[in-house]
Amino acid sequence: MTLEQWGNLSNYSVVSATVVLALAFVAYAAQWGFARKVVAVREQVSVPAGADDQTLAGPEPDRSDAAGGIGYSLTTLAEVILVVGVVTRGLAAERVPWGNMYEFGCIAIAVALAVYLVLVRVWDIDWIGALVTIFATVVLGSSMLFVYVPPGPLVPALDSYWLVIHVIGAITAGAAFLVGAAASILYLVKARAEQRTPEDQRTGFLWRMPTSASIDQVAYRVHAFAFPIWTFAALIAGPIWAQAAWGRYWGWDAKEVWAFITWVFYAAYLHARATAGWRGKAAAILALVAFGTFLFNYIGVNLFVGGLHSYAK
Amino acid sequence: MSSDLAPELGWRGMARWAWRQLTSMRTALSLLLLLAIVAVPGSLVPQRGTDARAVESYLIDHPKLGPVLDKLGMFSVYTSPWFSGVYLLLMISLIGCIVPRSLVYLRALRARPPKAPKNLLRFPASHELVTSSSPDDVMTAARGALGRARIDVVDRDGVQELSAEKGYLREAGNLLFHISIVIVLIGVAATALLGYRGAAIVVEGDRFSNVLTQYDEFASGALFDRDKLPPFSFQLDDFAATYQVDGPQRGAPLSFEATGTYADGVDGKDAPFSIRVNHPLKIGGASVFLVGQGYAPVIKVTNRDGEVVFDEPVPFLPADSTYTSNGVVKVAEAQPEQLGFQGFFLPTFVEGEDGATRSVFPAPIAPILGLFAWHGDLGLDEGRPQSVYVLDKTNMTQYMDADDPEEGYEISLQPGESQKLPDGHTIEFVGLKQFARFQISASPGIEIPLIGIVAGLLGLIGSLSVRPRRTWVRARQDGSRTVVHVAVLDRVPRVDLPADLEQFVRRLKEPLEPPSNEGEGA
C-alpha cells in the first residue's frame, strides 16, 4: 500500500472507532436506564437469603446487564479499530504515530480504552463505562474536527527516542488519570446518595454500583499507579529531553508549568487522603481539579497559550 | 508573674505554635495548592526568563495593563518574591515534617511490634476459630501464614500471643521521596549558581571562540567566574536544512545540521563535529546546542570610486516559519556620511496581487532582499553598547523616493544584483550564507538532582505500593481445644481488609486440625 492509502485507512478507522464508541456509550447509558427500578443487588449479598430472590425477579437487571455487556463488547471493538487507525497512521507517516495534537488524541484514547478494558476484568469497574466512552467519543470526534492534520514527518525537535519514552509515559498516566477522574465523579455522586437517599428509595443503577468506599479505593489505586508514571514522564524524562533539544532542563515553558501544576494537584490529592477534614469529598474534588489541569494542558496550552511544546498544527 | 500560663504565652510559645502550624499536614497541603495557583500566571503571560522579546511586545500591546503586571512581577513569576515565598515556606514545612518523622521512623525500626490489645474481637477485622491443635502449633501456623513480617510471640500465663507488623518500607519510601525533593531543589539551585548559559550566532565560515565577547547573550550563576570560561573554539563550515517539499505539510522542517571542526583547549587539534537538534556537542564541560537558524545575505557596499567599504554576511533574524527575516546593515566606513539599512529578507518570495511580496517557503529558492536606506551618524562612536539588530535613527535621515517624497527609497535585490544609492554608493547582494544560533551552557552537578529525583521516584513507588499491616493472633488452651482470636489492622484504611483477613484465616487453618467435638465459634 502507498503512504496515502495507509493514511486513508487510518482516517476511516478513526472515524469508525468514534462511531462504535458512541454506540458503546449508548449501550452503557442503557445499562443505567434499564436498572432504574432495580433495588441494590450487590449490597444485598450480605442480607439473609430470600430477599435476593425478590430483587432479581424483574426483567430489568437482565436487560441492564445485557446492555452493559454490549457496551463492553462495543468498547472492545472500538479499541481494536482505533488501534488499527493508530498503527496505520504510523505507517502513513513512517514514524511513531504521536507527533501532533491529533495523533496524540488518538493514541491517548487508545491507551485509555485499553486501561479501562483491562481494569474492568481486574476490578469489575464497568460502572465507569458510560463516562469513559462519552469522554473518548468527544476527544476523538473533536480531534478529527478541529485539529486534524494529514500524516507527515516530524519536526526536528521531536526526532528523538525520548519522544517514545516521554510521550508514552504521559499517555499512560493520562489514561489512568481519566479512569481515576471517572471513579472520583461517581464516588461523589454515590457518597452523596448514600447520605441522602433513604433505604427504601435506593433503586437504580447507582445502587448496583459498589459502595462509595470501594469506589474511593479504586480511584486511589488508579491515581497511586498513575502518579509515579506522571512524575517520571513530566519531571524526569521531560527535563532530560528538554536538555538535549533546547539546552535547558526546565524553562517554565507553558506546558512545563501546567505539567507541574497537574503534578502538584495530584500530590495534594494523595496528601489529602491522609489529612483529617480533607478525606473523601475534598480529596475527590482535588483529583477532578487535577484532571482538569491535565486536560487544560492538552487542549488549552496547545491551542491558546503556545510555547515550545506547540505541535498542534 | 501572676499567672502560671505566662511562660506559655511568651514568644517561645508563639514560635512553637507557629512552627507547629507551619509543619502541619493541613498547612503543607494548603501551601502545595497555593504553589500550583501562583505558578499559573507564568504560563499565561510571557516571561522575561524565557522570551524577553515577547514581554516587550506585550508591554507595547497592553500599555495600561502591562506596567501594572510588571509591578506585580508577573513577567518573572518564577523568581518573584511571592512565588519564592510560597516555595520557601513549603520547603521549611517539608523539612519540619521530614526531620521529626525520620526520628520517629528510626525508633520504630528498632521497636518491636505493638503488643496485642486485650480484646481482639473488638476490631472491625477480626475472627475467632477453634482447633484441636495446640497453641504452639497455632503460633507456628500463624508464622507460616504471615510470611515476611516482624513477629513477636509471647507466652502470658499459658496464653500465646503473636504480634506482627509489616510494611516498614512504606514510611521509608515516603521519607526517601520527601528528602529527595529537598535534594533536587538544592541541587537545581546549586547548578544554577555554578553554571552559565549563553547564545551566539555563527555564520557559515566563521569561528566561535569561547570568550565572553563572542556571546550575543550571556548569563551565569553568582558563583561562576566569568573569566574562567573553558577555552575551546569551533568553526561552522556548513549548515544544512531540509524541508518538506510537497504535500500538505510543505515547508515543515525535516532536519537541521551544523557541521565543522572544533578544538578543545587552547591549542587542541581540530576535530570534526556535527550538531543537530537533540544531538548537542560536548566540549570542555559545556554543551553546544543548535537552537536556531536563519539566513545571512552577503552584502557589499562600494563608494563612488569603486572602493569596497563593506563586504560581509549580515544575519537576518527569522520571524516566522517561512523565514520572513528582519535585519539591519550598518556601514560605518561610508563617507562622507555613514549609511544604515533596515529591511527584510525572504528565502522564497512571491508577489501578491496587491504588489506586496511575501515568503512562501523556508528554503532559498527565490531569495529577495528588501531594504530602506538612511544616511547620517550611526551613533557607534558614542561608546554606548548597541544591538547589531537595531538601527539607531536619531541622527540619521532616510533616503526618500525621488517620485514620491512620502515614500521611502526602496532597495530590492536578488542575488547578484546591485543598486545605486542616491549618494552614489552601490549596494550589492553578493550571495547567501546561513547562520546557526548556538546555545552554549554548562550545568555542573546536574547529576545530583537527577539521582535525587530517580531515588525519589523509587521511594514514591514504595510509599504508594507497600501496605503496612499489624496482625495479632491469640491462642488460648481451653480443655482439649484451642480458641484462637485473630485481628488485622491497617494504618491506611482499606476496603478489602475483610477479604484479606478471610484469606489469612484460611492459610492459618490449613495446617491446623479441625476441632474434634464441636463447630467453630460464630
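**Figure 1. B:Phe208 stands opposite B:Phe234, a residue of strand 7 of chain B.** This close-up, like the others here, comes from a predicted model. Strand 5 of chain B and strand 7 of chain B (residues 232–243) run antiparallel and are joined by three bridges.

**Figure 2. Here is the open sheet that four strands of chain B build in the order 5-7-8-9.** The pairing in this sheet is antiparallel. Look for its edges at strand 5 (207–209) and strand 9 (271–276) of chain B, each of which pairs on one side only. On average, neighbouring strands of the sheet are turned by 30° against each other, direction ignored. As a reminder for tracing any such view, strands of a sheet pair through backbone hydrogen bonds, either parallel or antiparallel.

**Figure 3. Strand 2 and strand 3 of chain B form a hairpin with two residues between the strands.** In this hairpin, B:Asp157 takes a positive phi near 50°. Seven bridges link strand 2 (residues 150–156) of chain B with strand 3 of chain B, and the two run antiparallel.

Figure 4. A handy landmark is B:Glu165, whose bridge partner in strand 23 of chain B is B:Arg470. Strand 3 of chain B (residues 159–166) has six of its eight residues buried, so the rest of the structure largely encloses this strand.

Note on methods. Residues are numbered from 1 along each chain as its sequence is written. Chains are lettered from A and ligands numbered from 1 in the order in which they are written. This is a predicted model: local features need pLDDT of at least 70, side-chain atom pairs count only at pLDDT 80 or more; totals for chains, interfaces and linings use all residues. Two strands pair if DSSP finds at least two bridges between them. Axes are lines fitted to C-alpha atoms, for helices over the stretch in contact, and angles run from 0 to 180 degrees between N-to-C directions. A residue is buried if 20 or more other C-beta atoms lie within 10 Å of its own, exposed if 12 or fewer, and partly exposed in between; C-beta atoms are placed from the backbone.
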